[in-house]
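Please look through the sequence and the structure shown below before reading on. The paragraphs that follow treat helices, charged pairs and a surface patch in turn.

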Amino acid sequence: RMREEAAHSAAMAERARADQAEVAGTLQARLRESEERCARLEGDMQKLKQAHRNTSEPQLMVEVASARAAGEDLKARLQQSEETCDRYREQLAKALKQLGRMREEDHERELEQVRLTMFA
C-alpha cells in the first residue's frame with residue numbers, strides 16, 4: 001500500500017513538474033515576444049528622434065503654417081456647409097408649411113363640394 005501511495009505521489013509530482021515546465025515555457029515565449037516588441041519600439045523611437053533632430057526649424061515652421069492654413073480652410077468650408085444646411089432647412093420648413101396649407105385648402109374644397117352636392 002505504501003508503494004502504491006509513493007507511486008501515486010511520484011506520478012502527481014511528475015504531472016505537477018510537467019505542468020510547471022509547460023507554464024515556464026509559455027512564460028519564456030511571452031518574455032521573448034515582449035523583448036522583441038520592446039526592441040522594435042525602441043528602434044522606432046530612435047528613428048523618430050533622429051528624424052526630429054534632422055528636421056530644420058524653418059521646415060517645421062512651414063509644416064505648422066501649412067497645417068494652420070489647412071485648418072482655417074476647413075473651418076471656412078464647415079461654416080459654409082452649415083449655412084447651406086440652415087438655408088435648406090428653412091426652405092424645407094417653408095415647403096412643408098405650404099404643403100400643409102395646400103392640403104388644408106384641398107380638404108376645405110372637398111368639404112365644400114360635399115356640402116354643395118348634399119344640399120343641391
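**Charged pairs and a nonpolar patch**

R17 is partly exposed, because its relative accessible area is 48%, a value that falls between the limits of 20% for buried and 50% for exposed residues. The model in which this residue is seen is a predicted one. A partner of R17 is E14, with which R17 forms a salt bridge; the closest N and O atoms are 2.6 Å apart. Such a contact counts as a salt bridge because the nitrogen of the Arg side chain is within 4 Å of a carboxyl oxygen of Glu. E14 is likewise partly exposed, since its relative accessible area is 41%. Where do R17 and E14 lie? Both belong to helix 1, and they are 3 residues apart, which is about one turn of the helix.

Helix 1 covers residues 2-54, and E35 also has its place there. With a relative accessible area of 48%, E35 is therefore partly exposed. How far apart are the C-alpha atoms of E35 and H107? They are separated by 80 Å, and the two residues are 72 residues apart along the chain.

Side chains of opposite charge can pair when their charged atoms come close. The side chain of R109 meets that of E105 in a salt bridge, with 3.8 Å from N to O. E105 counts as partly exposed because its relative accessibility is 42%.

R109 has a salt bridge with D106 as well, and here the distance from N to O is 2.7 Å. R109 and D106 both lie in helix 2 and are 3 residues apart, again about one turn of the helix. D106 is partly exposed, as its relative accessible area is 38%. Through salt bridges that share partners, E105, D106 and R109 are joined into one network. How many salt bridges are counted in the model? The count comes to 7, and among them are the pair R17 and E14 and the pair R109 and D106.

L92, L96 and L99 make a nonpolar surface patch of about 280 Å². One of these residues, L99, lies in helix 2, which comprises residues 57-119. Is L99 buried, partly exposed or exposed? L99 counts as partly exposed because its relative accessibility is 35%. That value also meets the condition for patch residues, which requires over 30% relative accessible area.

Note on methods: Residues numbered from 1 in each chain as written. Predicted model: local features only at pLDDT ≥ 70, side-chain atom pairs only at ≥ 80, totals over all residues. Heavy atoms only, no water. Patch = residues over 30% accessible without salt bridge, like charges linked within 9 Å, V, L, I, M, F, W, Y side chains within 5 Å. Areas by Shrake-Rupley, 256 points an atom, 1.4 Å probe, with all protein chains shown as cover. Helix = DSSP H or I, 4+ residues; strand = E, 2+ residues; numbered from the N terminus. Buried < 20%, exposed > 50% of the residue type's maximum accessible area, 1.4 Å probe, protein only.
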